[in-house]
Amino acid sequence: MGYDFQTIEAKWRAYWAKNQAFKADNQSDLPKYYVLDMFPYPSGDGLHVGHPLGYIASDIFSRYKRHKGFNVLHPQGYDSFGLPAEQYAIQTGQHPQITTETNINRYREQLDRMGFSFDWSREVRTSQPDYYKWTQWIFLQLFNAYYDTKENKALPITQLIHLFENDGTSKVEAVRDSDASDFSADEWAQFSDEQKQHILLQYRLTYLSDTEVNWCPALGTVLANDEIINGVSERGGHAVTKKKMKQWSMRIGAYAERLLQGLETIDWPEPLKEMQRNWIGKSVGASVRFQIQNHPEQIEVFTTRPDTLFGVTFMTLAPELDLVRQITTAEQKQEVEEYIDKASKRSERERMADVKSISGVFTGAFAIHPLTQELIPIWIGDYVLAGYGTGAVMAVPCGDQRDYDFAKHFELPIKNIFEGADIREAAFTEKSETVALQHSDFLNGLTYATAMKKVIAHIEAKGCGKGTINYRLRDAIFSRQRYWGEPIPIYYKNGLPQALSLKHLPLELPEVEQYLPTPDGAPPLGNATNWAWDEKKEKVVSNALIDHKSVFPLELNTMPGWAGSSWYFYRYMDAKNKENFVSKEAANYWREVDLYLGGSEHATGHLLYSRFWQKFLFDKGLLPVEEYAKKLINQGMILGTSAFIYRKTGTQTYLSKGLIEGETVEPIRVHISLVNSADELDLEELKKWQPQFESATFELENGKCFVHREVEKMSKSKYNVVNPDEICDTYGADTLRMYEMFLGPIEQAKPWNTAGISGVHNFLKKYWRLFYNEDTWIVNENQAGKKELKVLHETIKKVSTDIENFSFNTCVSSLMICVNELTNLECHSKEILTPLTLLLAPFAPHIAEEIWEKLGNTSSLISVPFPLVNEAHLVEDTKNYPVSFNGKMRYTIPLSLSLDNQAIQEAVLADKRTAEYLGGKTPKKWIIVPNKIINIVI
């Protein structure tokens, strides 16, 4: 019988599903191993061949660990809230739930076809109420907590209230808003309930405040920094502006140091850890306060070089700071307003990346130098960001190139405070920490290390500053002006947020007629007619009842996309639990993810926010570990090979690739399905594909149109997507799995080439022929020979080592070599082929299961022990000796390593080649080094 992969794969998919073959047990005497993939957002396009790469790798390792005797948890689910479904709802009126369900069904069909060993009994969907009930609950835990800097952990807000009642703020050491005021216990007692709620919002780990946000008018929502690429929205490429809005935020900054330190305890890729370190952006220095002339306000700056304080000649503020408008003089108001408006249209990333453009406006106001009392002009410039530090810079142009360029451009003074430094053409930056200071009063003659300590002590004694540590990490904006997201479980009483309790959850999304913002700019939930909370009845009621005493408006914003993905790995442990987000027993058994696979593009989004939530839940005593993933692998991308033809600029004439020299042309993408392996474009199919080509003119090479190929990201918009269904139809899922691993190391990007897949498919057919000759079963019970055993055990050793090192491409190569050598040895021994089948099983599970059954086994091979290497079979018992005559090597001869020198001489003399080189002479001397060389002296 031939290798009928379609029948075989359908048979074993059905078997695994029927028997729940991969269902993990929360109570087992086996050691546990938890393998997790970053769960997918179910888009309408389905999967292309690039998507399964990480899933295949994780599945191989999961199957291998089952063979090694582990209780393996390998779940899957869907990050099913998302903007695409909402945009489709806006366009068509179809509820996002319907779109999402359709897309999930398509994903499930594709995932099942590839033979993944997922435990589907634990499937989660972030958009299901029984899941987001617990996302809402975690939000409320954050709302009811504050960060105690003395304990270095989150504590219940009730403990903070207790401190206020007894001692006011005098004994409070906590992370709070920068404008929070101190008060006594007596003053706290006198505050109204509303005042107390306002104060508590300044400490809560999730809080409401007026925040400068990235606003995308086209999408009608706020975007996080990591959702903006090159100044436009990642989704759709729409313009993004700055806007002040009342937003929910989370104090991730409270955990900045712990997030940094935690990186040292986890086995994650170093480039990704460095990205997180840079995003957190720890800086050691000092905060310094500058008085403003004729204004009660102060400007606080953070600087890593307070030793250069005497070099300050101007200050620059971020244009978006509220302070700017307060201090701007009437004469400068128009120019400042115009600049603020211009700056608001640029993203923070744009402003940070633009080091060439110099722009700014003088406010007309002056700061007072805290040490010299000199007046310092206050400017605004978009190279200063409100979100980093205090949004203000004390400019020291002699020591900072950007300040230097700004000063030169606007003809501001530059004071040289470094002995011997030449600042005529540029700032002195390279050795400024090793050069003594000058023109710096009590710091003259001191270098950086000494001057730092002295100036910090001085400003602290004077009360105008202090030594401090700053982090670039901003508090995470949590509100989104979208419909398709988790409702925030808050209602408003007299404008102040009130939390729902667990018994009221889930607060489910209401039905709306429109998924766009309301005409007055409120989020889409503002379109709901039943979106108010009745305190007495404890349920959602009609908005029409809001004027009643016990009925209040509910929050209109929803949660961001990262909320549901910040804890899903624990829900998999106990997916059906209705009483807790995860039971203590399940959390203590599985503890954390042992192996996590996903893309590095999530470094400063999901992978940072999820670590924050993990640490918070650990502080609450709800989880047993502070980091949720011991090891992380970032799989590389599978790249597409795009195809281009060339259009003469301004015409509808298209040129074959070889005819473009000397022509003015523009590349036009065509679908790769229209191009054959020789890069020839099917013009008839092209005209059917897009009507623009029907009346076009084509200039051909020998009657053919050839395309230009280019390797780039696989994307539907680039027409270079390869559908895995087509590969499974033509070659089978086992071939697809092995080919994706064969392409190269899991961490590296690699181009897809469908032409190369036939080699892997031929390998599986060759493996099949070790068992079958046409329809005849040819496996025998013969005892395996030494050569066969050596080939097998070399492969066992190599594959076992390489799987543990996640080197799956070399595993596939080793299996190919093994099958080739066994074929050459005409090996059909059951003693060899049985362990070989187990070696293949993690990579090509369908064919392995089929052969396992044919070998006479009555149950699945899923948990059969993995073959162990027997080193005895790897020991060499022969040596290919080089034979030399008078020191010149003439030939080699295979000899047993057990032979003594006399036997070696006899074997060499018996070889007819020896007689030729002796030429009738008798050897004068034999030099034999066992297991090395044979030299005959004549």
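Colleague: Which residues line the largest cavity?

Modeller: Phe22, Arg63, Arg66, His67, Ala841, Pro842, Pro845, Leu861 and Ile862. Bear in mind that this is a predicted model.

Colleague: What is the volume of the largest cavity?

Modeller: About 50 Å³. The count is 1 cavity of 30 Å³ or more.

Colleague: Which helix gives the largest share of the lining?

Modeller: Helix α2, residues 52-67, with 3 residues.

Colleague: And how do the lining residues divide into nonpolar, polar and charged?

Modeller: The lining has 6 nonpolar residues, 1 polar and 2 charged.

Colleague: Which ones are buried in α26?

Modeller: Pro845, His846, Ile847, Ala848, Glu849, Glu850, Ile851 and Trp852.

Colleague: What covers the buried residues of α26?

Modeller: The cover includes α1 (5-18), α2, α4 (96-113), α21 (733-742), α22 (757-769) and α25 (830-840). After α26 comes glycine 856, with a positive phi near 105°.

Colleague: Let's switch to the cores. Which residues touch the most other members of the largest nonpolar core?

Modeller: Ile645, Leu681, Met738, Trp752, Leu836 and Phe843, in a core of 102 residues. Helix α24 supplies the largest share of this core, 8 residues.

Colleague: What does phenylalanine 843 touch, not counting residues up to four places away in sequence?

Modeller: Phenylalanine 843 touches Ile60, Asp734, Arg737, Met738, Val799, Ile803, Phe808, Cys811, Val812 and Leu815. There is also a second, separate core, with 92 residues. Val124, Ile488, Ile490 and Leu496 are among them.

Colleague: Now α10. Which of its residues are buried?

Modeller: In helix α10, residues 270-280, they are Leu272, Lys273, Gln276, Arg277 and Ile280. These residues cover an arc of only 145° around the axis, so they sit on the same side of α10.

Colleague: Why do residues three or four places apart point the same way in an α-helix?

Modeller: Because an α-helix has 3.6 residues a turn.

Colleague: What covers the buried residues of α10?

Modeller: Among the elements covering them are α9 (256-262), β10 (282-292), β16 (465-471), α18 (606-619) and β24 (632-634). Just after α10, glycine 281 has a positive phi of about 60°.

Colleague: On to the backbone. What is the phi of tyrosine 719?

Modeller: Near 55°, a positive value in a residue other than glycine. Most residues other than glycine have a negative phi.

Colleague: Where does tyrosine 719 lie?

Modeller: In the loop between β29 (708-713) and α20 (724-730). Tyrosine 719 has 27% relative accessibility, so it counts as partly exposed.

Colleague: And phenylalanine 806, buried or exposed?

Modeller: Phenylalanine 806 is buried, because its relative accessible area is 11% and the cut-off for buried is under 20%. Its phi is also positive, near 60°. Phenylalanine 806 is in the loop between α23 (786-804) and α24 (808-824).

Colleague: Last one. The peptide bond from leucine 505 to proline 506, cis or trans?

Modeller: That bond is cis, with omega near 0°. Proline 506 lies in the loop between β19 (496-499) and β20 (532-534). Most peptide bonds are trans.

How values were computed:
Residues are numbered from 1 along each chain as its sequence is written. This is a predicted model: local features need pLDDT of at least 70, side-chain atom pairs count only at pLDDT 80 or more; totals for chains, interfaces and linings use all residues. Side-chain values use heavy atoms; hydrogens and water are left out. Helices (H or I, at least four residues) and strands (E, at least two) are DSSP runs, numbered from the N terminus. Buried means under 20% relative accessible area, exposed over 50%, partly exposed in between (1.4 Å probe, protein chains only). The arc is that of the directions from the helix axis to the C-beta atoms. Contact means heavy atoms within 4.5 Å. On a 1 Å grid over the protein atoms alone, a cavity is a set of points where a 1.4 Å probe fits but cannot get out, and a pocket is an open set with protein on both sides within 12 Å along at least five of seven lines; lining residues have an atom within 4 Å of a point. Grid points are joined across faces, edges and corners, and a volume is the space filled by probe spheres set on the points. Ala, Val, Leu, Ile, Met, Phe, Trp, Tyr, Cys and Pro count as nonpolar, Asp, Glu, Lys and Arg as charged, and the others, Gly among them, as polar. A nonpolar core is a set of buried Ala, Val, Leu, Ile, Met, Phe, Trp, Tyr and Cys residues joined through side-chain atoms within 4.5 Å.
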